[in-house]
Amino acid sequence: MNFENNLAFAKAMDEADELRGFRTQFLFPNQNGKQFIYLCGNSLGLQPKVAHEVLKRQLDNWENHAVEGWFEGETPWMFYHKELKKLMAPIVGASPAEVCPMNTLTVNLHLLMVSFYQPKGNRFKIIMEGGAFPSDQYAIESQVKFHGYKPEEAIIEVFPRAGEETLRTEDIQAQIRLHGDELALVLFGGINYYTGQWFDMEAITKVGHEVGAIVGFDLAHAAGNVPVKLHDWNIDFACWCSYKYQNSGPGGISGIFVHEKHFTNTALNRFAGWWGYQENQRFKMEKGFVPEVGADGWQVSCTQVMPMALYHASLQIFEKAGFIQPLRNKSITLTNYLQFIINEVNIELGEEQYKIITPKDSKDRGAQLSIIAREKGKEIFDGLVDNHILGDWREPDVIRLSPIPLYNSYEDIFLTGKALLNVSTTILGTK
Ligand SMILES: *Cc1c(COP(=O)(O)O)cnc(C)c1O
């Protein structure tokens, strides 16, 4: 597509966008009466306008039914998660039985590692991407220690080649093969939070399985952003948070995926709780844990109704938008447009002040572009915020901007470019 750096072009793109109406379903932050251009949905998605109403409805259920609400009312809480499972499945390419909403992300990462990291003999190592989100690093480090290993011996991190910002699939595969019979677990992010690189999840899974390892993914930055096919790609397990690309609110509920092939595997350890017990026998309160079949068997505590109500409402918006593919189509064009606009700013400035470290090809990324400013990155980021443009800053030197197809427009991108140019010339001076 031939992009143009002018307002008329951006407005024409918005006019032709079939998803443009969804923007009106979200609330935008504003300051001094001026609304922000929000490019931070990779960190915390915007609030859907229905959020108040759905929470109020559950408060009303609680008020009117109290404990009877578990089995009565319009959404009996006992079975409420099933409504979410139906809508979560198409987001991550799974069957409803393979997914379940529960807890928060890092907690689920631990619970799933309890099951899927079972080191034995020589096979005790975990391979992961270098520069993974800190919480994942800490979770893996502590799991390894829990099993009595030293992190420096049991954790292998794969880093980009010297002079490169992102990982090559062939290098990831080579490292997996190299450590083959020592690997208990391959655990990668779907999309790296810092670089925005979308890993070739299917290729990684294939090689992981070839060497006899279990393969799992943290989809914090992938779920609701890019089309993943967890079942078809034969991924063993995955988890994600719903408050980034899925707009379920701060601390929103997490989702897990367990591949159907593990449903009957009784060799898997679990940290169990009553809510993972066989559903139709749960209230017999008997001794000896018998898990419910499917992802539900990993539940520990009772349903978190309020966070689930928010996630449910957000998932219904995805459903109306046709789940992931129509959003992905727009997302590709929107992010390509942002890439074009950043390049235009560089041309105007007469040098590559802004270097995009995210892969250039849309098949290797989602919505996010990670941009390194050659000079004064933090000042420039703050300047954008002063201009009511909210992306996010990640130490040591990256500005992340993520146009979200549900609520960002081409005009947002054009205006961001204009502001970035102004802020740059103010802070850097003209050359
Ligand atoms: C956002 C994010 C988290 C956050 O974990 P919480 O348990 O929800 O706080 C963890 N891992 C990755 C990769 C993330 O991007």
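Predicted model: local features only at pLDDT ≥ 70, side-chain atom pairs only at ≥ 80, totals over all residues.
Local features need pLDDT of at least 70 and side-chain atom pairs count only at pLDDT 80 or more, while totals for chains, interfaces and linings use all residues. Residues are numbered from 1 along each chain as its sequence is written, and side-chain values use heavy atoms, leaving out hydrogens and water.

Let's start at the ligand. Around it sit Leu105, Thr106, Phe133, Asp136, Asp218, Ala220, His221, Tyr243 and Lys244, each with a heavy atom within 4 Å of it. Polar contacts (pairs of N or O atoms within 3.5 Å) are part of the picture. A ligand oxygen is 2.6 Å from a side-chain N or O atom of Thr106, and a ligand oxygen is also 2.6 Å from such an atom of Lys244. A ligand nitrogen lies 3.2 Å from a side-chain N or O atom of Asp218. Taken alone, the ligand exposes 380 Å², of which the protein buries 82% (Shrake-Rupley method, 1.4 Å probe).

Next, look at Ser331 in helix H10 (residues 324–349). Ser331 is buried, at 0% relative accessibility (buried is under 20%, exposed over 50%, partly exposed in between, with a 1.4 Å probe and protein chains only). Beyond neighbours within four places in sequence, Ser331 is in contact with Asn225, Ala367 and Pro405 (heavy atoms within 4.5 Å).

Finally, the structure holds 20 salt bridges (a Lys or Arg side-chain nitrogen within 4 Å of an Asp or Glu carboxyl oxygen). One of them pairs Arg23 with Asp412 at 2.9 Å. Arg23 is in a loop and Asp412 in helix H12, so the pair ties together parts 389 residues apart in sequence. Asp412 is buried at 4%, whereas Arg23 is partly exposed at 25%.

Technical notes:
Polar contact = N/O pair within 3.5 Å; in protein donor to acceptor, adjacent residues only side chain to side chain. Helix = DSSP H or I, 4+ residues; strand = E, 2+ residues; numbered from the N terminus.
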